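Please keep the sequence and the structure in view while reading.

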Amino acid sequence: MRGSVRLGAMLSLSAMTTPEPNRPLAVVAMADALYAHPQLKERLRAVRRAARAVLTLDEEGYDVVLVPSAMAALDRQLLRAEEANTKLPLPALDAALAAAQAEVNASFQRELMTLFRKESTNKRVASVQTQALVSTQDPALADPSLPLGPVVSAWRARELTKANRLTISEVAPGAWRRHVAALKPVDLLNTPILSALVAEGAVVITGAGLSMTVDAKGEWAGLDGVVSAERTAALIAEHLAAECLIMLSGREHLFLREGRPDQEILEHVSTATLRRHVEDGHLIESALPLDTPAHTQAPSRLGVCSR
């Protein structure tokens, strides 16, 4: 009987949220450094911190789309696959990435559902696997530079290259590692789904997205490359007309003139000012969690946060 009462309470909490009209949208990108700790306990702590930030945004009147990176989880997926290589074939990159993103999204979804339940908030949390449209002409495909997966021996590198046509490069004497392309998304294929969920009042969790293109047969196919959560978040913010784009970067601070005696902490800045600092040489582009010049329609408010 007690179990029935408890189940009824849970079901009532899961009822569809009544949408609140005219709520501004915040898109939150979560950098890989915040979910990369080797210990599960520490990763879950990072998830809880981020979930509390999302709860705060909701309480302040924002709809929220959360875009956590899954690159560290992808590394772990490929490590598991390598350990099991005598029993199972190596998974395709998009399959491994889908599993990694599902792992990350599920962690955030559970934590957010728990927080909203404790707050007696009738709020839905939805998880969506994003597909990012990329170009077969992306220059990164000609020079894969993003290291991924475990370090292997020279013998294993030759075997993987021959059997799977992977790009594997020596990263240290006798140590080899797979490299993939860091692709720029051209568009997102499921923006209407994200928009519909936000319109229904749900907090939406998605990811950087699976790299998709159309092959010579006119069929959807994956490429040996990945896109970043920050780039995807910028596209989501643009397509859904977000009021603010928040980058949880993992950096302690973002500095103007970093490393110089006159360096200055940069806390609140518009995208136009951010671009001007880059053009003037006061802010190195590699320090940014967003490829700012590529996203000319980014929201007018951009926050770069460490926690």
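## Strand pairing

Strand S4 (residues 131-133) pairs with S8 in the antiparallel sense over two bridges, where strands are DSSP runs of E of at least two residues and helices are runs of H or I of at least four, numbered from the N terminus, and where two strands count as paired if DSSP finds at least two bridges between them. Within this pairing, leucine 133 has aspartate 187 of S8 as its bridge partner.

Both strands belong to an open sheet of four strands with mixed pairing, in the order S8-S4-S10-S11. Its edge strands, each pairing on one side only, are S8 (187-188) and S11 (220-222).

## Basis and confidence of the model

This is a predicted model, in which local features need pLDDT of at least 70 and side-chain atom pairs count only at pLDDT 80 or more, while totals for chains, interfaces and linings use all residues. Residues are numbered from 1 along each chain as its sequence is written, and side-chain values use heavy atoms, with hydrogens and water left out.

The average pLDDT (the predictor's confidence in each residue, from 0 to 100) is 82 for the protein, and 82% of the residues score at least 70. Confidence is lowest in helix H1 (residues 2-13), with a mean of 38, and highest in strand S9 (residues 203-205), at 96. The pLDDT is below 50 over residues 1-16, a stretch that has eleven contacts in the model beyond near neighbours in sequence, a contact being heavy atoms within 4.5 Å. Over residues 290-307 the pLDDT is also below 50, and this stretch has 60 contacts beyond near neighbours in sequence. Where pLDDT is low, the predicted coordinates should not be read in detail.

## The largest cavity

The largest cavity has a volume of about 120 Å³. Its lining includes Leu78, Glu82, Leu148, Gly149, Pro150, Val152 and Arg178, and by class the lining has eight nonpolar, one polar and two charged residues. Helix H3 (71-83) and strand S5 (146-152) each supply at least two of the lining residues, with the largest share, four residues, coming from S5.

## Proline 24

Proline 24 is found in the loop between H1 and strand S1 (25-30). Leaving aside neighbours within four places in sequence, proline 24 is in contact with Gly61, Tyr62, Asp63 and Glu243. From proline 24 to aspartate 63 the C-alpha to C-alpha distance is 6.1 Å, although the two are 39 residues apart in sequence.

Technical notes
On a 1 Å grid over the protein atoms alone, a cavity is a set of points where a 1.4 Å probe fits but cannot get out, and a pocket is an open set with protein on both sides within 12 Å along at least five of seven lines; lining residues have an atom within 4 Å of a point. Grid points are joined across faces, edges and corners, and a volume is the space filled by probe spheres set on the points. Ala, Val, Leu, Ile, Met, Phe, Trp, Tyr, Cys and Pro count as nonpolar, Asp, Glu, Lys and Arg as charged, and the others, Gly among them, as polar.
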